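I opened this notebook to record what I looked up in one chain. The entries follow the order in which I consulted the model.

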Amino acid sequence: MAINEHARVRLAIIQKKYGNRLDQGASGSDLPDRRERFNGDFRRILADIIVPAFEAIGDELASSGHAYRIERDVGEQAPSIELHILLRGVPADANNLIRLFSSADAEGDGEVIAEVNVRQTLTELTRFRVLSRITQEVAEQMCVDAIEHIFACNAR
């Protein structure tokens, strides 16, 4: 069954109007711009949510005699943050940290990977492709879960 001439002309107009944009999206020609926007949004989340959460949790640990240090963009081209946990009774050179970083290897706009590193052993905590899911509550819970892992590994 053939479509009528009016429908055929409309389809041609629609394809011409939107086809180039679809081709650009599929080819990834705007990928660098999208990744830059993603990284910019992630930097804002770091400043507004992650750093305050890390500082509040670090201060809580410090009130119990532990210490912490926060480092930003450590050896990275992309945004990143590390929360180093310095536990009382554990050698100062122990590697106990929580890290979030933007991964350019991810498809699409990008991805934020959260991991915990205890004694040079990395454990991935989670990944975020939708940055709006990184709320204060999520950041705090993720950090507390990672700290429990750090304490458990060091208490052996």
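The entries below go from the whole chain to its sheet, then to single residues.

**Entry 1. Basis of the values.** I note that this is a predicted model, in which local features need pLDDT of at least 70, side-chain atom pairs count only at pLDDT 80 or more, and totals for chains, interfaces and linings use all residues. Residues are numbered from 1 along each chain as its sequence is written, and side-chain values use heavy atoms, with hydrogens and water left out.

**Entry 2. The whole chain.** I looked up the secondary structure and found 3 helices and 5 strands. Helices (H or I, at least four residues) and strands (E, at least two) are DSSP runs, numbered from the N terminus. Along the sequence the pattern reads α-α-β-β-β-β-β-α. Of the 156 residues, 35% count as buried; buried means under 20% relative accessible area, exposed over 50%, and partly exposed in between, with a 1.4 Å probe and protein chains only. The accessible surface comes to about 9800 Å², and 50% of that surface belongs to carbon and sulfur atoms. Such areas come from the Shrake-Rupley method with a 1.4 Å probe, and for residues only the protein chains shown count as cover. I also looked up contacts (heavy atoms within 4.5 Å). Among those between residues at least 6 apart in sequence, 45% join residues at least 24 apart.

Entry 3. The 5 strands form an open sheet in the order 1-2-3-4-5, with antiparallel pairing. Strand 1 (67–72) and strand 5 stand at the edges with a single partner strand each, so one side of each is left without a neighbour in the sheet. The twist averages 15° from one strand to the next; axes are lines fitted to C-alpha atoms, for helices over the stretch in contact, and angles run from 0 to 180 degrees between N-to-C directions. Two strands pair if DSSP finds at least two bridges between them. Strand 1 and strand 2 (residues 80–86) are joined by 6 bridges, and Glu71 has Glu82 in strand 2 as its bridge partner.

**Entry 4. Glu115.** Not counting residues up to four places away in sequence, Glu115 touches several residues, among them Arg99, Phe101, Thr123 and Glu124.

**Entry 5. Ile147.** I then turned to Ile147 in helix 3 (residues 136–154). Ile147 counts as buried at 8% relative accessibility. Beyond four places in sequence, Ile147 touches Ile57, Leu61, Ile85 and Ile98. The C-alpha atoms of Ile147 and Leu97 are 8.6 Å apart, although the two residues are separated by 50 residues along the chain.

**Entry 6. Leu11.** Last, I looked up Leu11, which lies in helix 1 (residues 5–27). Leu11 is partly exposed, with a relative accessible area of 42%.
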